Amino acid sequence: MASARDIRRRIKSVKNTAQITKAMQMVAAAKMRKAQNAALSGRAYAQLMNKVLAEVTQHTGDFRHPLMEKREVRKRAVILITSDKGLCGALNANLLREAAKCDPQDTVFIAAGRKGSQFVARTRRQLAADFSYKDTPQFSEARAVARYAADLFLKDEVQQVDVLFTNFISTLNQRPELRSILPVGDIKSVSTDLAGDIPEEALARGSVEFLFEPSPEQVFESLLPHYLNFQIYQFMLEARASEHSARMVAMKNATDNANQLIKCLTLQYNKMRQAAITKELLEIFSATMALE
């Protein structure tokens, strides 16, 4: 049975841990607000671009850009966007569980984040490239990942490129999602309330006529690379917002558990102290009775 000294030491240790987790919670909360604002501000643009491009590709006639070419899928690349650090609950575990479902024989991974590259190395899967990105993702970092994936596709080393990331739903809810980005013709429009000036019904019926100036070739030559860059950038923003939200919640739970443990240990310590005082009083009373 633990002594009173052991319990005091444990209470002190748990208090120190609670202070650390509380500080990490505050830091994660500050980063979370910034990351959430960045993800939400770019979501409308990314969704509308995705929606319009998915419909436009169905009205381009015989024109086909190399990034729109559909081929028999012999090998695919998965861009795995994870965090660099842990202590964010089950966020990485849920994402890597989805990554583990990919067939290792015909899948190569492009890791963005240290946890993703560690998973690929640990499970002995094929790692094509490893990228890092900051707490606040930069567009240049997303462009580097998109360019590498596009090069693999254009060289026919892979015939399909998907992105596996954690989509930010709310502070308490983040969901792993797999999105296809290449070939562009396979993109499905994302449902959103922010449909801009083009009615949802018109897009659904395919009744919108698109006119290209100066030509479809030149428009798509400029639009498609930018589309890929911004999609990867938005996925990185979603992943960072999910990471900081999950970390804040995990640190809050850790702090609450530490405080609850301190209460239980303090109660146990007080009981032992009370028992020791009672025992001493009984010994004094017994000695007094013996002297009478």
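How many bridges join strand β2 to strand β3, and in which sense do the two strands run?

1. Basis of the note. This is a predicted model, in which local features need pLDDT of at least 70, side-chain atom pairs count only at pLDDT 80 or more, and totals for chains, interfaces and linings use all residues. Residues are numbered from 1 along each chain as its sequence is written, and side-chain values use heavy atoms, with hydrogens and water left out.

2. Strands β2 and β3. Five bridges join β2 (residues 107-112) to β3 (residues 126-131), and the two strands run parallel. Strands are taken as DSSP runs of E with at least two residues and helices as runs of H or I with at least four residues, both numbered from the N terminus; two strands pair if DSSP finds at least two bridges between them. Val 108 has Gln 126 in β3 as its bridge partner.

3. Overall composition. The protein has six helices and five strands, and from the N terminus on its elements follow the order α-β-α-β-α-β-α-β-β-α-α. Of its 292 residues, 42% are buried, where buried means under 20% relative accessible area, exposed over 50% and partly exposed in between (1.4 Å probe, protein chains only). The accessible surface comes to about 16300 Å², and carbon and sulfur atoms hold 53% of that area; accessible areas come from the Shrake-Rupley method with a 1.4 Å probe, and for residues only the protein chains shown count as cover. Among contacts with a separation of 6 or more, 75% are between residues 24 or more positions apart, a contact being heavy atoms within 4.5 Å.

4. Helix α3. Which residues of α3 are buried? They are Gly 116, Ser 117, Phe 119 and Val 120. These residues lie on the same side of α3 because they cover an arc of only 160° around the axis, the arc being that of the directions from the helix axis to the C-beta atoms. Ala 121 and Arg 122, on the other side of α3, are exposed. The packing partners of the buried residues of α3 are β1 (76-81), α2 (91-99), β2 and β3.

5. Helix α2. The buried residues in α2 are Leu 91, Asn 92, Leu 95, Leu 96 and Ala 99. Seen down the axis of α2, these residues fall within an arc of 110°, so they line one face of the helix.

6. Positive phi values. Two residues other than glycine deserve a check of their backbone. Leu 87, in the loop between β1 and α2, has a positive phi near 55°. The side of the classification on which Leu 87 falls is exposed, because its relative accessibility is 54%. Arg 124 lies in the loop between α3 and β3, and its phi is likewise positive, near 55°. Arg 124 is exposed, with a relative accessible area of 78%.

7. Strand β4 (residues 160-170) and strand β5 (residues 173-182) pair in the antiparallel sense over nine bridges. The two strands form a hairpin with two residues between them, and Val 161 stands opposite Leu 182 in β5. The peptide bond from Leu 182 to Pro 183 is cis, with omega near -5°. Pro 183 belongs to the loop between β5 and α5 (200-205).

8. Gly 42. Where does Gly 42 lie, and is this residue buried or exposed? Gly 42 is part of helix α1 (residues 4-56), and Gly 42 counts as buried because its relative accessible area is 10%. Leaving aside neighbours within four places in sequence, Gly 42 is in contact with Phe 230 and Gln 234. Gln 234 is 192 residues away from Gly 42 in sequence, yet the C-alpha to C-alpha distance is 6.7 Å.

9. Cysteines. The structure holds zero disulfides, a disulfide being a pair of cysteine sulfur atoms within 2.5 Å. Cys 88 is buried at 2% relative accessible area, whereas Cys 264 counts as partly exposed at 42% relative accessibility.
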